[in-house]
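Subject: Structure handover

Hello,

Here is the structure I promised to pass on. Please open it first, then read the notes below it.

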Amino acid sequence: HELGAAHLLHLSGHEGTDGFASMIASHQGVAPEPLPEAPPALPAGGLAALAATPRVMRVRRFIEGLGTGRPIVLVLDDVHASMDGLALAWALTADPSTLPVLLVLTARAEGLAAAPAEAQALAALVAQAEVLRLELAPLLPAEEQELLRAGMGLSPPLAHRLAQVTLGNPSMMVETLNELIARGGLRPDATGFDAPPAVPLDLPE
């Protein structure tokens with residue numbers, strides 16, 4: 001994918017150990033050669049040791065190969081669910097050399113609370129890298145409705161239900177809606193896309 005003059009890469013934490021292959025395939029348009037297996041547990045050396053494994057270093061080399069003459073924007077979503085993403089961020093920031101890459105990491109507070117190993121790894125990463133940290137508050141009710149009704153084209157009832165279950169978290173709104181679409185739960189009506197009240201809105205894990 002391209003973002004102006006930059007390469008745009010996206011790694012979703014919820015894809016687990018398949019995330020690296022999906023990220024590379026999305027950019028190249030074809031599946032990559034199989035990557036080395038992820039270790040079953042965090043090595044004794046912590047995040048730095050994981051960042052030095054052949055699996056992570058191969059992905060770093062892929063990113064380095066993109067950086068010739070063009071900057072890179074790498075979005076690592078939900079790193080509370082992705083030790084792979086944290087290890088890649090460490091590999092890219094511990095020895096940045098001249099690689100023109102901007103890392104954007106996202107994590108949920110409740111996700112970090114439920115994942116102490118990832119929370120500790122993220123704290124180690126923040127301590128060794130130059131980081132700008134932004135804490136995003138939930139959307140205000142008017143902002144929720146603008147996103148859900150004007151931005152996503154949802155009916156007022158569905159927009160209200162989705163805002164209630166996601167507590168104003170835009171990322172959860174998008175993921176919950178994607179799950180609903182994948183299950184075929186949406187239907188068009190006169191006021192926008194709707195879902196029957198009996199259709200559950202499943203929050204992402």
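The notes below go from the whole chain to single residues.

First, the ground rules. This is a predicted model, in which local features need pLDDT of at least 70, side-chain atom pairs count only at pLDDT 80 or more, and totals for chains, interfaces and linings use all residues. Residues are numbered from 1 along each chain as its sequence is written, and side-chain values use heavy atoms, with hydrogens and water left out.

**The chain as a whole**

The protein chain holds nine helices and six strands. Both are DSSP runs numbered from the N terminus: helices are H or I with at least four residues, strands are E with at least two. The C-alpha trace spans about 55 × 35 × 30 Å along its principal axes. Of the 205 residues, 36% count as buried. Buried means under 20% relative accessible area, exposed means over 50%, and partly exposed is in between (1.4 Å probe, protein chains only).

The accessible surface comes to about 11400 Å², and 61% of that belongs to carbon and sulfur atoms. Accessible areas come from the Shrake-Rupley method with a 1.4 Å probe; for residues, only the protein chains shown count as cover. Contact means heavy atoms within 4.5 Å. Among contacts between residues at least 6 apart in sequence, 66% join residues at least 24 apart.

**Salt bridges**

How many salt bridges does the structure hold? There are six. The criterion is a side-chain nitrogen of Lys or Arg within 4 Å of a carboxyl oxygen of Asp or Glu.

One of them pairs Asp84 with Arg55, the closest N and O atoms being 2.8 Å apart. Asp84 lies in helix H4 and Arg55 in helix H3, so this pair ties together parts that are 29 residues apart in sequence. Asp84 is buried at 9% relative accessibility. Arg55 is buried too, at 5%.

Another joins Glu175 to Arg108, again with 2.8 Å between the closest N and O atoms. This pair links distant parts of the chain: Glu175 sits in helix H9, Arg108 in the loop between E4 and H5, 67 residues apart. Glu175 is partly exposed at 22% relative accessible area, whereas Arg108 is buried at 8%. Asp78, Arg108 and Glu175 are linked in a network of salt bridges.

Asp78 is buried, with a relative accessible area of 4%. Its phi is near 55°, a positive value in a residue other than glycine. Most residues other than glycine have a negative phi.

Leu167 also has a positive phi, about 55°, and is not a glycine. Its place is the loop between helix H8 (156-166) and H9. Leu167 is exposed, with a relative accessible area of 67%.

**The largest pocket**

The largest pocket has a volume of about 1400 Å³. Of its 39 lining residues, the closest to the centre are Leu105, Thr106, Ala107, Arg133 and Leu134. The elements giving two or more residues to the lining are helix H4 (83-94), strand E4 (101-105), helix H5 (109-113), H6 and helix H9 (170-182).

The terms need a word. On a 1 Å grid over the protein atoms alone, a pocket is an open set of points where a 1.4 Å probe fits, with protein on both sides within 12 Å along at least five of seven lines; lining residues have an atom within 4 Å of a point. Grid points are joined across faces, edges and corners, and the volume is the space filled by probe spheres set on the points.

**Around Leu134**

Leu134 sits in the loop between helix H6 (116-128) and helix H7 (141-151). Is Leu134 buried or exposed? Leu134 is exposed, at 65% relative accessible area. Leu132, Leu134 and Leu136 form a nonpolar surface patch, with about 430 Å² of accessible area together. Such a patch takes residues with over 30% relative accessible area and no salt bridge, with nonpolar side chains (Val, Leu, Ile, Met, Phe, Trp, Tyr) joined within 5 Å. Glu135 forms a salt bridge with Arg133, the closest N and O atoms being 3.8 Å apart. Both Glu135 and Arg133 are exposed.

**One more residue**

Ser82 is in the loop between strand E3 (72-77) and H4. Ser82 is buried, at 5% relative accessible area. Beyond residues up to four places away in sequence, Ser82 touches Leu11, Gly13 and Glu118.

Best wishes

Notes: Patch = residues over 30% accessible without salt bridge, like charges linked within 9 Å, V, L, I, M, F, W, Y side chains within 5 Å.
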